[in-house]
Amino acid sequence: MELSLLNPVGALAPAPFTARRPAQLVGNTPVLWIDEPFAPSGLGFHAKLEGANPGGIKDRPGLHMVREARRRGDLAPGAPVVESSSGTLGLGLALAGLTYGHPVTVVSDPGMEPAVVRLLTAYGARVEHVDAPHPEGGWQRARRDRVAELLAASPGAYCPDQYHNPDNAAAYAPLATELIAQLGRIDVLVAAVGTGGHSAGTARVLRETFPGMALIGVDSIGSAIFGQPARPRLMRGLGSSIHPANVAHGAFDQVHWVAPGEAVWACRELARRHYASGGWSVGAVALVAGWAARTYPPGTRVAAVFPDGPHRYLETVYNDAWCRERGLLGPDGQGHEPPRAPDEAAAQDAYEFTSWTRCDKVRDPLGRPADTVKGAVR
């Protein structure tokens, strides 16, 4: 009998990888080179596209925090998981609930996009909304207060507490090792700051290999994280009206604050020029990473973390009518094109920032003990 009959075409080829569970799709996200209009050709940056995860970057901590809570015995089999989220972590927890068999309740506020509410519901999560912001801590404090009420009413329920749980930061070790394998060397990392998890966790691991790496944080105007006054914010996914313990203030070489119209411009330019975009965090990070690529010496390898994709923002960032009503579009309909460089502030609380501003003197505004991420590895 002929060999071809005994061994049909392809029979000797290795079996392709097929994920057996959706959690196996998390990680190993691609990197895309981004240059114009953010930096001249040849002076761009490497964007880690975390939107390629099923639900975005927070699939990583959603799975990791639940897995670690189960390992420690803090979360019993089948017990409820309750957490505050503006959206992306909710998706990650919905994935963790499906993976490990836990009902998930996400407490959010009216700013959560209807599409995300519907998606969370489709994934089996329950969504609760608070009706009014806390007079001091804004929507985040109001959400966390409601989480506390739900936990008290449901003995055995578990809250991952993304703002203060060190497992949040630890979840990003694989992201750092992926970047090392993909880029070989990283001189500058640009990351958005919200709960503080991915900036702290990624930088900690990268600096074990690259002790001199610079870390640039990207915040939103109206955010209290670095000492600015807390204001109502259009931009979700970065910034905070509270002070998360996971923010490693001592790890940052500098911080930039970006305004909504500037982020809209960057998001739309990314989509139009590179077919890869996302939400507020992605636009703000791209703006700052482009500045770093133009400003640092030629040959500097700049990596930027893009936390999500554009789909949940189709009715906000990419909706002309919504943006126009809020004064976020410039004359070309692409947002407010920012200047080529940010304003320079001598201190992070020197005055109230209303547009792209940077400061290279970073401290914890609450005076908490300095984080050791930077000092321990430099």
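A cavity is a set of points, on a 1 Å grid over the protein atoms alone, where a 1.4 Å probe fits but cannot get out. Grid points are joined across faces, edges and corners, and a volume is the space filled by probe spheres set on the points. The model shown in these views is predicted, so local features need pLDDT of at least 70 and side-chain atom pairs count only at pLDDT 80 or more, while totals for chains, interfaces and linings use all residues. Residues are numbered from 1 along each chain as its sequence is written, and side-chain values use heavy atoms, with hydrogens and water left out.

**View 1. The largest cavity and its lining.** A search of the whole structure turns up one cavity of 30 Å³ or more, and the volume of the largest cavity is about 80 Å³. Its lining (residues with an atom within 4 Å of a point) consists of Pro-37, Phe-38, Trp-265, Leu-287, Arg-294, Glu-337, Pro-338, Pro-339, Arg-340 and Trp-356. Seven of these residues are nonpolar, none is polar and three are charged. Here Ala, Val, Leu, Ile, Met, Phe, Trp, Tyr, Cys and Pro count as nonpolar, Asp, Glu, Lys and Arg as charged, and the others, Gly among them, as polar.

**View 2. A cis peptide bond at Pro-37 and a positive phi at Asn-28.** Glu-36 and Pro-37 are joined by a cis peptide bond with omega of about 5°. Pro-37 belongs to the loop between strand 1 (31-34) and strand 2 (45-49), and Pro-37 is also one of the residues lining the largest cavity. Asn-28 is not a glycine, yet its phi is positive, at about 55°; Asn-28 sits in the loop between helix 1 (3-6) and strand 1. Helices (H or I, at least four residues) and strands (E, at least two) are DSSP runs, numbered from the N terminus. For background, most residues other than glycine have a negative phi, and most peptide bonds are trans.

**View 3. The second largest pocket.** A pocket is an open set of points with protein on both sides within 12 Å along at least five of seven lines. The second largest pocket holds about 400 Å³ of space. It is lined by 23 residues, of which Gly-51, Asp-308, Gly-309, Pro-310 and His-311 are the closest to its centre. Helix 3 (88-100) and helix 4 (114-122) each supply at least two lining residues, and helix 4 gives the largest share, three residues. By class, the lining of this pocket has 12 nonpolar, eight polar and three charged residues.

**View 4. Helix 9 packed on helix 10.** Helix 9 (residues 260-274) and helix 10 (residues 280-295) have axes that come within 7 Å and cross at roughly 85°. That makes helix 9 roughly perpendicular to helix 10 (65 to 115 degrees; angles under 35 count as roughly parallel, over 145 as roughly antiparallel, and the rest as oblique). Axes are lines fitted to C-alpha atoms, for helices over the stretch in contact, and angles run from 0 to 180 degrees between N-to-C directions. The contact (heavy atoms within 4.5 Å) includes Trp-265 of helix 9 and Leu-287 of helix 10, and both of these residues also line the largest cavity. The contact residues divide into 12 nonpolar, one polar and one charged.

**View 5. Helix 7 packed on helix 8.** The axes of helix 7 (residues 173-183) and helix 8 (residues 197-209) are 7 Å apart, at an angle of about 40°. Helix 7 is therefore oblique to helix 8. Among the residues in contact are Leu-175, Leu-179 and Ile-180 of helix 7 and Val-205 and Leu-206 of helix 8. Seven residues of this contact are nonpolar, three are polar and none is charged.
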